[in-house]
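Open the model in your viewer and keep the selection panel at hand. Each stop below says what to select and what is there.

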Amino acid sequence: EKQGYKHFMLKEIHEQPERITDTLRGRVSVDRGDVDFGPMEGIEDGWLDTLERIVFVACGTSYYAAQIAKYIIEDFSRVPVDVELASEFRYRNPIINERTLCVPMSQSGETADTLAAMRLAMELGAKTIAVCNVVESTMTREADGVIYTHAGPEIGVASTKAFSTQLVVGLMLGVWLGRRRGVLDEEGGREILEALRDVPQTMSKMLHEKAIYKHIAYNFSDVNSFLYLGRGNLYPIAAEGALKLKEISYIHAEGYAAGEMKHGPIALIDESLPVVVLIPKNRVYEKVFSNLEEVKARQGRLIVVATEGDDDVREFADVVLEIPDVPEYIQPLLTVVVMQLLAYHIADFKGTDVDQPRNLAKSVTVE
Ligand code: M6R
């Protein structure tokens, strides 16, 4: 069952490398630099040539995974992508037509709002590919095509391995479309898929660290609120980190785009506010670095997630959590593990019911 882990959530965090391998298996050909999802009804190469736009619909953690998929798919395939909260999408008058691909992203495949949003898109003529974890769930039965995230059963209410495998599917979708649309060549696809293939091993190494999280839990579990900052494809990870923390530890937390800090949240910063800053080496590193300076100047407490060996951030940080040096498009996959462990250890220290947090259901099948 829990296989010696104290909670399902911790077991599921540790399972991620294996589940990512499962999600890649049989779909990725590194040699050919390509991805094959198998046949999907009505979604042939000819139709993909006419594709104008992709719309993801999702809720909660799955919504954040979809936001990261947007960065990847637009970058690798140049197809415009919108990401919508299913509960918003279904109550307006969305612009959808026969050249739209709608992608409902959902662990359970049963979330009421996501299902309704998908049905609405289909009515308006869109084709659909459901990205789901639960086999034979309602969404998978109704969609034109299905891509399973092979995360295995997820018991913890707080989603972990479903999210990371959704990110993997996002990367695979990006390569798949990029190749079909002629934006990525074989070499380009190969480079991305090689980096993806290395993720399970890299992630496994990160999962050995424990002491530092216990140290943070000890020092930070009595605060009232956390601010999480990220930029680019790590902005959704900041939001996901904040969601994980509030769900299981009941500490208020807000995820913000780092560039927006000076437009409001900076007013919150004083010596009582821990700020988690995601700043691995990437194209916005220098920009996010200025956030470190601004928080420090106001005596905020900094928990910094940075690339291994980055000594420059140490001058500002109360704690540094390291991730290995990987390409930018892989960084969300590794930083989210840090977010999960941080939330888990704080909640565990507080003694909350980690796997069954109050007021929450695993699958939200009502509006
Ligand atoms: O099954 P789904 O992925 O459609 O569920 C969506 C959300 O309800 C879910 O991600 C929720 O936010 C989780 N409790 C997050 O940990």
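**Stop 1**

Select Arg 90 and Asp 113 and show their side chains: they meet in a salt bridge, 2.6 Å from N to O. Arg 90 sits in the loop between helix H4 (86-89) and S5, and Asp 113 is in helix H5, so the pair ties together parts that are 23 residues apart in sequence. Both Arg 90 and Asp 113 are buried.

Before going on, note that this is a predicted model. The protein averages a pLDDT of 96, and 100% of the residues score at least 70. For the complex, the predictor gives an ipTM of 0.99 and a pTM of 0.97.

**Stop 2: the other salt bridges**

How many salt bridges does a search of the whole structure find? The search gives 25.

Pick Asp 34 and Arg 180 next. They form a salt bridge, with the closest N and O atoms 3.1 Å apart. This pair links distant parts of the chain: Asp 34 belongs to strand S2 (residues 34-35) and Arg 180 to helix H7, 146 residues apart. Buried or partly exposed: which is Asp 34? Asp 34 is buried, because its relative accessible area is 9%, under the 20% cut-off. Arg 180, with a relative accessible area of 25%, is partly exposed.

Now take Lys 70 and Glu 74. Their side chains meet in a salt bridge of 3.2 Å, N to O. Both residues lie in helix H3 (residues 60-77), 4 residues apart, which is about one turn of the helix. Lys 70 counts as partly exposed at 27% relative accessibility. Glu 74 also counts as partly exposed, at 24%.

Return briefly to Arg 90 and Asp 113, the 2.6 Å pair. Then select Lys 11, Glu 15, Glu 18, Arg 19, Asp 22, Arg 25 and Lys 161 together: salt bridges that share partners join them into one network.

**Stop 3: the sheet**

Switch to cartoon and find the open sheet. It has 5 strands in the order S4-S3-S5-S6-S7, and the pairing is parallel. Which strands are at the edges? They are strand S4 (81-85) and strand S7 (145-148), each pairing on one side only. From one strand to the next, the twist averages 20°.

Zoom in on strand S6 (residues 127-132), which pairs with S7 in the parallel sense over 4 bridges. Select Ile 129: its bridge partner in S7 is Gly 145.

Next, show helix H7 (residues 161-180). H7 lies across S3, S5, S6 and S7, and runs at about 130° to S7. Arg 180, the salt-bridge partner of Asp 34, is in this helix.

**Stop 4**

Finish at Asp 355, in the segment after helix H13 (331-350). Asp 355 is buried yet has no salt bridge. How far away is the nearest side chain of opposite charge? That side chain is Lys 2, at 4.9 Å, and a salt bridge needs the nitrogen and oxygen within 4 Å.

Show the contacts of Asp 355, leaving out residues up to four places away in sequence. Asp 355 touches Lys 2, His 7, Phe 8 and Met 9, along with Ile 155, Gly 156 and Val 157.

Conventions: Residues numbered from 1 in each chain as written. Predicted model: local features only at pLDDT ≥ 70, side-chain atom pairs only at ≥ 80, totals over all residues. Heavy atoms only, no water. Helix = DSSP H or I, 4+ residues; strand = E, 2+ residues; numbered from the N terminus. Buried < 20%, exposed > 50% of the residue type's maximum accessible area, 1.4 Å probe, protein only. Lys, Arg positive; Asp, Glu negative; His and termini not counted. Contact = heavy atoms within 4.5 Å. Pairing = 2+ DSSP bridges. Axes fitted to C-alpha atoms, helices over the stretch in contact; angles between N-to-C directions. pLDDT = per-residue confidence, 0-100.
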